[in-house]
Structure formats: structure tokens, C-alpha cells
Amino acid sequence: MTIVFAGGGTGGHLFPGLAIAEALQSKVPAARISFAGSRDKIEATVVPRHGYEFDPVWISGFRRRLSLSTFVFPLKVAVSLWQARGIIRRRRPDVVVGTGGYVSGPVVYMAARMGVPTLIQEQNEYPGVTTRLLAKRADEVHITFEETRAHIADARVVHVTGNPVRSSLRRLPTANARRVWGLDPDRPVLFVFGGSLGASSINTAVGGMLRSLDEQGVQVLWQTGARDAQAARDAAAGSAHVVVREFIHEMDAAYSAATLVLCRAGATSLAELTVLGLPSVLVPYPHAAADHQRRNARALENAGAARVVEDGQARTLGAVVLELLRDQDALRRMSEAAARLGRPDAASCIADAVIRLAGTKTGRR
């Protein structure tokens, strides 16, 4: 069995694909799995680390603001379709899986045109434009939220299976996880990240609250993204209780070290928080398509699993974080509420769908 995954641009689109691939490999150890993505995005470095082959595709999102990239975009579309056709002819996949982001567009589209079964996995409540367009051609569309069904043209191909989380993402003993980062195993930890690319508003707020956190005995594990890394290192200089990383690959050790998580509200991050049962403070990205991060965050807050702070109110994060860290009962209730929302079987269910679709390939061409 040969499966090609296409998706990326951000961890939110990449990691669900890796989770499905991992589940698929456990069910069919001989499966040949590869990924297609952008050469200059997160998938180009993360995919090889997971042992999968990687095929670059030259494509980007369409910018509505007039610029040089606006004129180059039609050329990128033509080249990416040609590259996608080459990938499919060379790999000869039994199924192509798209996990969102603009890079999934040419690969899933060309696969459908060439008679290869296709499956799309959508993470957010409001699907992106790539998913909405491709859903008309896909054999199956797997969504996270029941509300997403209303935005898919053909409801017959829709399945609500949740957002896949890697099985390797598991809770480690807290003390051991804190030692991984050189932190005191007996002091609380605030784990901060703004998605795979970082979030400046969160980073700025955290830099301003480091002294207060330290005075309260709180340690900080801080994934900043490349852009704000140096400023964060400068803010944390001299402190033995703050660990700064541009990017964290060992997310299981990071989550396991956390007493409380402070992050954006991307669908994949929230799926990981709920599967692991972690309390969180969520700062939705204010420019997300169709405001889907705010919808996701409010869903967790309404379930009692999180507190939401708007991006424009990031200066209040210090007070909210310290209030929660002083209230162990509140943290326990939030943790229990988060765990009730988790869908740890999502990756396995979608892997089963991929295997089923692979069996339909014969006779399509």
C-alpha cells in the first residue's frame, strides 16, 4: 500500500497528517508513506525527522493585496500542478490524503483527476478555502466539529471523526518531564507557545510577566518561534527558571511538564490539550479565517476546560495566569473538563478509512 499525504504550511495542518500516518503504519507496517509540501515551510524539516520521504511543491497562498507574488501566483499554480502530476505518476499512491493548507490543493486535485482515491481531513470548525474547493472532488471528508458539515457541498462524503493526535503524544511522569528541560520537578510550570510560528502578542506579554511569575515560584517553558527568540532570551537572561526554545519537537515532554498551558487556539493545539487533559489559557489569533480560533477557544471555555483572553487584552495575561496557578481546584476541574472533550481514537478511525479507500482503487483508472 502506498499513501501520499499533502498538507502543511503550519503545524496545525502538518501534525494531523503525521498522526494519521503513524496510525496507518501501525496497522499496515509495510505501507509506503510519503509527504508533499512546501520546501520553505515547517514540513520540510519535520517530515524527514519522522522518517518519511518528502516531495517539495512550489505553491503559496493567494495574496489579495497587490504585489509581485500576486503576478507570480498563476505560474506557481501551473508549476505545482505539473509537480503534483509527477509525484502521483512516480509514487503511484493507492490513496492521497490532504490535511489542509494551500499545498494540499494541487496534489489532491491532481490525484482526483487521475482516478486516485482521495481523503481530506479538516481540523477547524470553519474549513479553509482549499478544503471547501477540494471537498467537491474528494471521496471522503473527515471533520472535527459537527458544525463543519454545513460548509461542505456534498454532505454524503462527510464523517465526524475528530482531529488526529499523534499516539506518541502521551503524558510522561511530571517530575521526569521537568528534568528533561532542566527545571525543578517540584515547582509549577507554565508552558507557553504560539503555534509552530510563534505569536508576538503572547511573547510580549510573557516577557513582561517573567518577574511576577518568578516571584510566585512559577517556572516557564517558552516556545517563541524564530522571530521573537532573541528578545525572549534577553528577557529571560539570568533566570534559572525560564527555558526558551525557538521550536520544540518533544511536545510530549513539554506538555507533561506543564501545570498550565498558554497558547493560541488552533484546532490541532486544542486537540492535543483535550487528549492530554490539560488546563489552558487561550489567546485566539484575531486574524484567523472566519474567526475560527475564537470559535474553537470559546467551545473549550464553555465546556470549562479553558480561559479565553482576547489578543487585544494580552496585557492581562499575567493576572489570569497567576490567578489560576494559585487555585488548584480550578486547575483540576479544567483538566477534567478538557479530558472529556478529547478524541484519542481520531487518527485510528481515519487510518481505517484510508485502508478502506485503498481497496477501492482497482478499476478506477
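Which handedness does the crossing of α10 and α11 have? α10 passes α11 in a left-handed crossing. The model is predicted: local features need pLDDT of at least 70, side-chain atom pairs count only at pLDDT 80 or more, and totals for chains, interfaces and linings use all residues. Residues are numbered from 1 along each chain as its sequence is written, and side-chain values use heavy atoms, without hydrogens and water.

**View 1. Helices α10 and α11.** The axes of α10 and α11 lie 10 Å apart, at an angle of about 20 degrees. Axes are lines fitted to C-alpha atoms, for helices over the stretch in contact, and angles run from 0 to 180 degrees between N-to-C directions. The two helices are therefore roughly parallel (under 35 degrees; over 145 is roughly antiparallel, 65 to 115 roughly perpendicular, the rest oblique). Left-handed means the near helix is turned anticlockwise from the far one by less than a right angle; right-handed means clockwise. Ala 267, Leu 270 and Thr 274 of α10 meet Asn 296, Ala 297 and Leu 300 of α11 (heavy atoms within 4.5 Å). This contact of α10 with α11 has 4 nonpolar, 2 polar and no charged residues. Nonpolar covers Ala, Val, Leu, Ile, Met, Phe, Trp, Tyr, Cys and Pro; charged covers Asp, Glu, Lys and Arg; the others, Gly among them, are polar.

**View 2. The second largest pocket.** Its volume is about 300 Å³. Closest to the centre, among 16 lining residues, are Thr 144, Phe 145, Thr 274, Leu 300 and Leu 341. A pocket is an open set of points on a 1 Å grid where a 1.4 Å probe fits, with protein on both sides within 12 Å along at least five of seven lines; lining residues have an atom within 4 Å of a point. α10 (267-276) and α11 (292-302) each give two or more residues to the lining. α10 gives the most, with 5.

**View 3. Helices α7 and α12.** The axes of α7 (200-215) and α12 (317-325) come within 9 Å and cross at roughly 45 degrees. That makes α7 oblique to α12. Their crossing is right-handed.

Conventions. Points joined across faces, edges and corners; volume = space filled by probe spheres on them. Helix = DSSP H or I, 4+ residues; strand = E, 2+ residues; numbered from the N terminus.
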